[in-house]
Amino acid sequence: MAAIEFDGVSKRFGQVTVLEDLRLTIEEGEFFTFVGPSGCGKSTTLSLIAGLERPTSGRIRFDGEPVDHLAPRDRDVAMVFQSYALYPHMSVAENIGFPLKLRGAAPREIDDAVAEVARRLGIETLLARRPRELSGGQRQRVALGRALVRRPRVFLLDEPLSNLDARLRLEMRAELKRLHGEYGITTVYVTHDQEEAMALSDRVAVLNAGRVEQCGPPLELYHAPANTFVAGFVGSPPMNFLDARLVPDLELPRDVALDEVIVGVRPTDVRVTEASDDPRALDARVLLAEPTGDDVWVVGLLEGERIVGRALPSAVPVPGGIARFAFARERLHLFDRASGRRIA
Amino acid sequence: MRRAATYLGVLVVAAYCLAPLAWQLVTSVRTPAELTTLPPLLPTRITIEHYAAVFTGHPFPRMLLNSFVVAGGATAIALAFGAAAAFALTKMRARGFGAILALVLATSMFPPISIVSPLYLLINALGLRDTLAALILTYAGFTLPLAIWVLTSFLRELPDELYSAARVDGCTPRQALVRVILPLAAPGLVATGLLVFIFAWNEFLFALTFTATERSRTVPVGIALFPGLHEVPWGEIAAASLLVTVPVFVLVLRFQRRIVEGLTAGAVKG
């Protein structure tokens, strides 16, 4: 187990800057997630920790010790890849035992460790098979086993669930959380799926175009997004952004003009009805309604901007008609129009 | 109808390719009296005297051994260096990937006849004239561009994440090559190895130039030296020519499936 410190780490490939001046510390034993759209630099961050890439500038430290000069094999990190990257010419047992074999462990020792990890992952019966004979979920478990078998200091996961179907993804998500609790290894997770990030992590860093937009516990990101990017990225469906001039009775901090403000409100906080007695509710034309079971998401068009809100399944506004979108003033997020930064 | 046309086409091509071989076969079992009759129709009597003469009148086993050592040695060297170079180019992200490949290809553009003289001087200066080493080094050098190109295109198809996984799991680059990459590249290695082996097995010009005695003579040169002062022993030449194709024939049969795999690798996603 190790704490990982990024000290002003930048990474450029030729002219392209993939990561810009990353400064943060991942605590020992933490489940830490980098989340962001594709191309934001999150996978590069993992490669830098693993030593597969070298930073262009800045330093990475494990427990205060610089590791930049160390090859991947000397860092004692393990990684699960998006494609799992199992060795096709080896059996499951050989795949899992490979890291131990390379470290010169005795055959007996390897067998015991492989059996132990296979038992924990529920793949004891698959040990003699080849990777191509396994289903996606089983391959995933083998990849996890290969990473966990040597109890690394740092456990890296690069989009490990993205190749699984929706149901299996939920199952493996729970499994990952359980394994982290069981092994307690510092885990760095990379995903583009904010929901995964929220569900799994102790802390999340939202990356955009090589920069950290915000770093904190999931709920902090959700309740107090630092800017419009984080606000729009975290939470599903994504937050509505409205011109402040459309929202009546808006209380602004002093020195802030109305036309400098963007108002954010989460769809869950917007109640849609056909007739509301809230005098501050906004009228919008209904574009479509998406039932999800308990709720119906209603998409409306307000002065050329989309607004999404929640309606009861028993009272769904008809598309094409006008509905009332109401929200409490204390649920609003205010952002500066020019910089996107949070005001209140 | 279309199927019939296909078979007819195959038949024509096969006949075109195999006719010289058939002629050789017929020649090799004819009695000396019938040897020069044209057209080369079926012999009236079958004899094995030419085959016997190949082994009794000439140092044929020695030549075969030389050929095996030379072709085997060249193949081993070309594969070892070719695989290492292809690995560095594709997986270790060597700089100037395209330029290096182009340069490698450029070196194989020289026709052998244009460099045989300077090479001869070089071999002589190194004291390697009339040694098997001279041929092994020359053939390995000549086939290395081919080996690098075929293996590069082959290794490029292997996912980079496999190499990353191997490194994180604890491999040095060399261990990753030997334990992970090469086993997966086996079809490519077999195909490349066979091409190199066949080139070295059949090569004539350098073998003729760099060898002087039967100590280092390979089969193609040996056969070319069969003709004596007063006669050309067509029967023996035919018999020996057929005999030297046998090893190549066996190798190709043995690895046929692998070669097809190797040559078509990456064409269709596995």
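**Note on the two-chain model**

1. From the N terminus on, the elements of chain B run α-α-α-α-α-α-α-α-α-α-α-α.

2. Confidence across the whole model comes first. The scores are ipTM 0.85 and pTM 0.82. Chain A has a mean pLDDT of 92, with 100% of its residues at 70 or more. For chain B the mean pLDDT is 87, and 94% of the residues reach 70 or more.

3. In chain A, strand 3 (residues 31-35) has the highest mean, 96, and helix 5 (residues 166-183) the lowest, 90. Among the elements of chain B, helix 3 (residues 60-90) is highest with a mean pLDDT of 94, while helix 12 (residues 234-263) is lowest with 83. Residues 266-270 of chain B have pLDDT below 50, and beyond near neighbours in sequence this stretch has two contacts in the model. Where pLDDT is low, the predicted coordinates should not be read in detail.

4. Now the overall form of chain B. Its C-alpha atoms fill a box of roughly 70 × 65 × 30 Å along the principal axes. Chain B has 270 residues, of which 34% count as buried. Of the contacts in chain B with a separation of 6 or more, 77% are between residues 24 or more positions apart.

5. Chain B is divided into two parts: domain 1 (1-47) and domain 2 (60-263). The centres of domain 1 and domain 2 of chain B, taken over C-alpha atoms, are separated by 31 Å. Where the two domains meet, seven residues of domain 1 of chain B are in contact with six residues of domain 2 of chain B. On the domain 1 side of this boundary there are three nonpolar residues, three polar and one charged.

6. Helix 1 of chain B deserves a separate look. This helix covers residues 2-28, 27 residues in total, and spans 38 Å from its first C-alpha to its last, close to the 39 Å expected at 1.5 Å a residue.

7. A:Arg271 lies in strand 13 (residues 271-273) of chain A. Is A:Arg271 buried, partly exposed or exposed? A:Arg271 counts as partly exposed because it has 18 C-beta neighbours inside 10 Å, whereas a buried residue would need 20 or more. Leaving aside neighbours within four places in sequence, the contacts of A:Arg271 are A:Gly309, A:Arg310, A:Ala326 and A:Phe327. A:Arg271 and A:Asn95 are 176 residues apart in sequence, and their C-alpha atoms are 53 Å apart in space.

Notes
Residues numbered from 1 in each chain as written. Chains lettered and ligands numbered in written order. Predicted model: local features only at pLDDT ≥ 70, side-chain atom pairs only at ≥ 80, totals over all residues. Domains from an automatic or database assignment. Nonpolar A, V, L, I, M, F, W, Y, C, P; charged D, E, K, R; others polar. pLDDT = per-residue confidence, 0-100. Helix = DSSP H or I, 4+ residues; strand = E, 2+ residues; numbered from the N terminus. Buried ≥ 20, exposed ≤ 12 C-beta atoms within 10 Å, placed from the backbone. Expected span 1.5 Å × (residues − 1).
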